[in-house]
Amino acid sequence: TRAISLRDVTKIYPRDVVAVNRLSLDIAPGEFLVLLGPSGCGKTTVLRMIAGLEDITSGELLLDGELANGIPPGQRGLAMVFQHYALYPNMTGEQNMSFPLKIESPGRDTTAQVRETARLLGIEELLDRFPAQLSGGERQRVAMGRAIVRRPSAFLLDEPLSNLDAKLRTRLRAEIATLTRHLGVTTVYVTHDQAEAMSLGDRVAVLRDGVIQQVSAAREVYQRPENVFVAAFVGTPRINLLRATVHAPLDGRLNIDFGTQRIQLPQPLSPDHQMLRVQMGREITVGLRSEAARIAGPQEMRPTEALLNGVVQHVEFQGHESLVHVSTGARPARVEG
Ligand code: ADP
Ligand code: MG
């Protein structure tokens with residue numbers, strides 16, 4: 001299991017396409033890191049540079065602290081699993097899985113190693129079948145098996161579940177997390193699906209236009225996004241982002257104007273919010289997660305709450321909860337990207 005470090009790594013494709021822009025990231029041995037970002041933000045490029053499938057334009061890749069920019073892919077001890085699990089159609093599960101081992105040392109008996117890997121993945125009964133006889137989820141399991149059969153020192157997964165239906169995705173992502181932790185192998189997991197990222201990662205690195213926005217624990221990314229992009233990208237339902245103006249409080253309790261409504265925050269500013277002081281009188285963006293709001297009448301207010309009046313527009317019943325759309329007259333903030 002390996003440490004993977006990227007130092008100030010930039011990738012420029014022909015025609016001056018800057019896919020990755022001065023990216024630095026340290027991934028500890030055995031860590032499960034999720035690389036999250038919208039389509040086209042450079043996730044695959046990062047993985048391919050780590051794997052050695054793509055040249056690094058500038059910057060350094062370190063594997064276990066050693067400069068690895070020039071090491072051929074086959075000598076890096078890494079395994080990569082793609083969105084499109086390219087299994088050989090004319091080979092059984094067993095033959096597909098043993099293929100990397102046979103390439104390494106032709107003529108070797110791979111049965112035991114393939115069996116053991118299949119057992120780990122719970123796919124022993126798939127070994128005799130051809131890819132056409134497997135469901136999407138089963139194929140992806142075999143593809144995972146083929147990737148880990150050599151016991152790579154790190155595992156690079158590029159949206160491995162995006163071709164599967166929602167139910168299977170949820171199940172397989174839990175299996176992948178369990179498996180990689182069991183193997184203790186460093187894993188970089190790429191996804192554009194923020195819910196998947198939240199549920200998987202020890203740490204999540206959020207990427208936008210080739211630039212890292214935030215690297216922290218999933219919970220931290222959700223609760224303390226470092227910028228509006230991260231706030232808006234992460235979380236379902238989407239965070240409410242409202243334009244507002246802040247006014248100087250007399251008693252340390254902040255007044256915030258949302259359009260025609262003014263609310264007073266119930267508590268004095270905590271040190272965390274001191275940054276707001278410099279923005280008094282200026283327009284700011286307020287992020288409000290739906291679970292932080294409660295629907296109540298003026299008489300039902302609790303001392304820790306502030307009241308924002310609104311009119312219910314629409315209620316979405318979602319089984320375990322309902323999503324209530326309320327218009328408050330506040331202007332929504334725009335987020336590009
Ligand atoms: P993601 O995996 O996050 O969707 P990619 O790493 O595939 O993003 O792509 C990042 C950017 O680099 C995109 O603008 C994409 O069009 C561009 N790109 C990717 N591969 C190539 C390539 N081989 N040649 C030129 N541009 C590329
Ligand atoms: Mg991609």
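Six strands form an open sheet in the order β6-β7-β8-β3-β9-β10, and the pairing is mixed. The model is predicted.

- The edge positions belong to β6 (78–81) and β10 (211–216).
- Each of these two strands has a single partner strand, so one side of each is left without a neighbour in the sheet.
- On average, neighbouring strands of this sheet are turned by 15 degrees against each other, direction ignored.

**The β3–β9 pair**
- Strand β3 covers residues 32–36, and strand β9 covers residues 203–208.
- The two strands run parallel and are joined by four bridges.
- Within this pairing, Leu-36 stands opposite Val-206 in β9.

**Helices α3 and α4**
- Helix α3 spans residues 111–121, and helix α4 spans residues 136–148.
- They pack at an angle of about 130 degrees, with their axes 10 Å apart.
- Angles over 145 degrees would count as roughly antiparallel and 65 to 115 as roughly perpendicular; α3 and α4 are therefore oblique to each other.
- The crossing of α3 past α4 is right-handed.
- On the α3 side, the contact is made by Thr-117, Ala-118 and Leu-121.
- On the α4 side, Arg-141, Met-144, Gly-145 and Ile-148 make the contact.
- Sorted by class, the contact of α3 with α4 has four nonpolar residues, two polar residues and one charged residue.

Key
Residues are numbered from 1 along each chain as its sequence is written. Chains are lettered from A and ligands numbered from 1 in the order in which they are written. This is a predicted model: local features need pLDDT of at least 70, side-chain atom pairs count only at pLDDT 80 or more; totals for chains, interfaces and linings use all residues. Axes are lines fitted to C-alpha atoms, for helices over the stretch in contact, and angles run from 0 to 180 degrees between N-to-C directions. Angles under 35 degrees count as roughly parallel, over 145 as roughly antiparallel, 65 to 115 as roughly perpendicular and the rest as oblique. A crossing is left-handed if the near helix is turned anticlockwise from the far one by less than a right angle, and right-handed if clockwise. Two residues are in contact if their C-beta atoms, placed from the backbone, lie within 7 Å. Ala, Val, Leu, Ile, Met, Phe, Trp, Tyr, Cys and Pro count as nonpolar, Asp, Glu, Lys and Arg as charged, and the others, Gly among them, as polar. Two strands pair if DSSP finds at least two bridges between them.
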